[in-house]
Amino acid sequence: MTIERPAARPANPRFSSGPCAKPPTFELNKLAGAALGRSHRAAVGKDKLKAAIEGTRELLGIPADYRIGIVPASDTGAVEMALWSLLGERKVDMLAWESFGAGWVTDVVKQLKIDAEVKTADYGQIVDLASIDFNNDVVFTWNGTTSGVRVPNGDWIADDRAGLTICDATSAAFAMDLPWDKLDVTTFSWQKVLGGEAAHGMLILSPRAVERLESYTPAWPLPKIFRLTKGGKLIEGIFQGATINTPSMLAVEDYLFALDWARSVGGLQGLIARADANAQAIFEFCDQNDWIDNLAEDPSTRSNTSVCLKFTDPRIRDGASFAKAVAKRLEAENVALDIGAYRDAPAGLRIWCGGTVETSDIQAMLPWLKWAFEAEIAAQAEAA
Ligand SMILES: Cc1ncc(COP(=O)(O)O)c(C=O)c1O
């Protein structure tokens, strides 16, 4: 039996959850102004690094008294710098509901061996946010990229907390409202919502986080790449563009381009609206088709960036191989690239909906998803 292919194709089939689609106006020649072959410590390089920091502040509405640093090793580097530099002063609540959060638990419990209260939930669910002790430090992921479950907002975070909140916001920044007064450390990578390049992480510190850095010295040694203080004082230069080690000026230029594009679509609110519209198109598709559903159970926790889907048709015999086969068909047709679920997540699909993705492309791709599903059901029946 042949199932008819839809007539239209997405103009851009890139729906990867990282590196994510470049801004729609991107072309390599737009990076021609990069300070290549120049010292990043020369005025031209420093100015660009500073523009990346201040552009981030402007677009994300980060308060003037928060420090923003460009650090090595993408989001992982930024998170681990924070964990290694700040934790150990008090107990810590570690929250995890998918594999990246779980990775930070491993860092804290198995590597740093800190006294931790570990709170976890299965894929699709979220931990009990009312149970968090804000006398402790609290480490969490704003949007769990591999389960498509996000915190609904920051209302659960105590204003009068004694501990620090450390938030991995890499798949949330530029797509969700982040309440800066609730976040002491926030991290993200350029490769996610803005479709930039990996390599560098952004580390955003509240005044309280700086106070901790200047008043507490961890018991363990810190490599140079993690060191944020010297002689008990914050190294302010890191937060003014004097990076710890050499950055990629090509990646910096690419980020500056992405920031400009973000301004052109209405800044943060424009980006949020684009992600919401993309995710909404998929939510409606799930409502209209009884064989597919959102992995995130509670609608208030459903991601508008990494939308994770599960197949629910009772005819499916082997969920993992079925989902892989559907993703493979879509890739072979060049209508959806890189949409298989994350390797540690339940079988299914994950479709990136961040602002660099066009809603028209999501809308053009969804009939193909239906086509691939039906083709695979038919193939499974034929093989039986
Ligand atoms: C929530 C989360 N944390 C951390 C990472 C790791 O990011 P990077 O590879 O940029 O270090 C990712 C990447 O997908 C992520 O989604």
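Predicted model: local features only at pLDDT ≥ 70, side-chain atom pairs only at ≥ 80, totals over all residues.

**Salt bridges and a sheet**

Entry 1. I started with a cluster of charges: salt bridges join Glu89, Arg90, Asp137 and Arg212 into a network.

Entry 2. How many salt bridges does a search of the whole structure find? I got 21. I then picked out a few pairs to look at one by one.

Entry 3. I looked up Glu236 and found its side chain in a salt bridge with that of Arg67, at 2.7 Å from N to O. This pair ties together distant parts of the chain, 169 residues apart. Glu236 sits in the loop between strand E11 (233-234) and helix H5 (249-264), while Arg67 belongs to strand E1 (residues 67-72).

Entry 4. Next I went to helix H5 itself, where I found Arg263 and Asp260, 3 residues apart, or about one turn of the helix. They form a salt bridge, and their closest N and O atoms are 2.7 Å apart. I checked the exposure of each partner. Arg263 has a relative accessible area of 34% and is partly exposed. Asp260 comes out at 47%, which again counts as partly exposed; exposed would need over 50%.

Entry 5. Which residue does Arg274 form a salt bridge with? I found Glu358, with 3.1 Å between the closest N and O atoms. Here too the link is between distant parts of the chain, with 84 residues separating the two. Arg274 lies in helix H6 (residues 267-288), and Glu358 in the loop between strand E14 (349-352) and helix H8 (359-383). Glu358 is partly exposed, at 28% relative accessibility.

Entry 6. I traced an open sheet of 3 strands, ordered E12-E13-E14 and paired antiparallel. Strand E12 (292-294) and E14 are at the edges: each has a single partner strand, so one side of each lacks a neighbour in the sheet. On average, neighbouring strands here are turned by 35° against each other, direction ignored.

Entry 7. Last, I looked at one pairing in detail. E14 and strand E13 (residues 306-311) are joined by 4 bridges in the antiparallel sense. Opposite Val307 I found Ile351 in E14.

Terms used:
Residues numbered from 1 in each chain as written. Heavy atoms only, no water. Salt bridge = Lys/Arg side-chain N within 4 Å of Asp/Glu carboxyl O. Buried < 20%, exposed > 50% of the residue type's maximum accessible area, 1.4 Å probe, protein only. Pairing = 2+ DSSP bridges. Axes fitted to C-alpha atoms, helices over the stretch in contact; angles between N-to-C directions.
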